[in-house]
Amino acid sequence: MNVNSSQSKLSRDLEAILIPSGEKVQLQKDKPFQITQSMGGSYTLIYDNRLLVRVDSKDADALGIQQELSSQKEILSEHEELTEEIIYSRLKEVYDPEIPVNIVDLGLVYDCQIKRKEDGSYSVAVKMTLTAPGCGMGTILAQDAQSRILEIPSVSEAQVDLVWDPPWNPSMISEEGKMILGLV
């Protein structure tokens, strides 16, 4: 979605996440905002000319935006195996609220384990990190990742753990991520 370069006003009160602390904050109706990023089902705003916040797509109406349709879900046949490729395609829908690159291309996803359960469903365990250990958005990004994985019809369990070893560094960014960020 194109970023709204002009200021608008909220049409109703709503809850948002303060960036980078991850604290919940209440945004008030009729206060000015500007959208700086709209990716992965959330919006990053400059609110009241002073706060950087993240707003979930369920509150898009307060921003004057029709809620975007979620991406088409992969449907696995009963005999088709769940693959890391499918998991990673879901994780590419999770974006850092300050950087316009998804968590996979930022190099934040370290490991993905898929186990088929006795009932035929899958359990998925992912290890990911953050660009900075003190970032308060970590649990929110991990929850977003878990939600995207659980959207896959055959997945009945998903666990996303934040890890710090090895420490993240910019060399972990994919070529696609580097192109988006203008690093190549």
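**View 1. The hairpin of S7 and S8.** Strands S7 and S8 form a hairpin with 5 residues between them, and Gly-120 in the turn has a positive phi of about 95 degrees. This is a predicted model, in which local features need pLDDT of at least 70, side-chain atom pairs count only at pLDDT 80 or more, and totals for chains, interfaces and linings use all residues. Residues are numbered from 1 along each chain as its sequence is written, and side-chain values use heavy atoms, with hydrogens and water left out. Strand S7 (residues 109-116) pairs with S8 in the antiparallel sense over 7 bridges; pairing requires at least two DSSP bridges between two strands. Look for Val-109 opposite Met-128 in S8. Strands are DSSP runs of E with at least two residues, helices runs of H or I with at least four, numbered from the N terminus.

**View 2. From S8 to S9.** S8 and strand S9 (residues 155-162) run parallel, joined by 7 bridges. Here Ala-125 has Gln-159 in S9 as its bridge partner.

View 3. The assignment, automatic or from a database, gives domain 1 (8-61) and domain 2 (84-181). Between them they bury about 1000 Å², 58% of it on carbon and sulfur atoms; this is the accessible area (1.4 Å probe) lost on putting two parts together, summed over both. Gln-37, Met-39 and Arg-54 supply 44% of the area that domain 1 buries against domain 2, more than any other three residues.

**View 4. The salt bridge of Arg-54.** Arg-54 forms a salt bridge with Asp-144, their closest N and O atoms being 2.5 Å apart. The rule asks for a side-chain nitrogen of Lys or Arg within 4 Å of a carboxyl oxygen of Asp or Glu.
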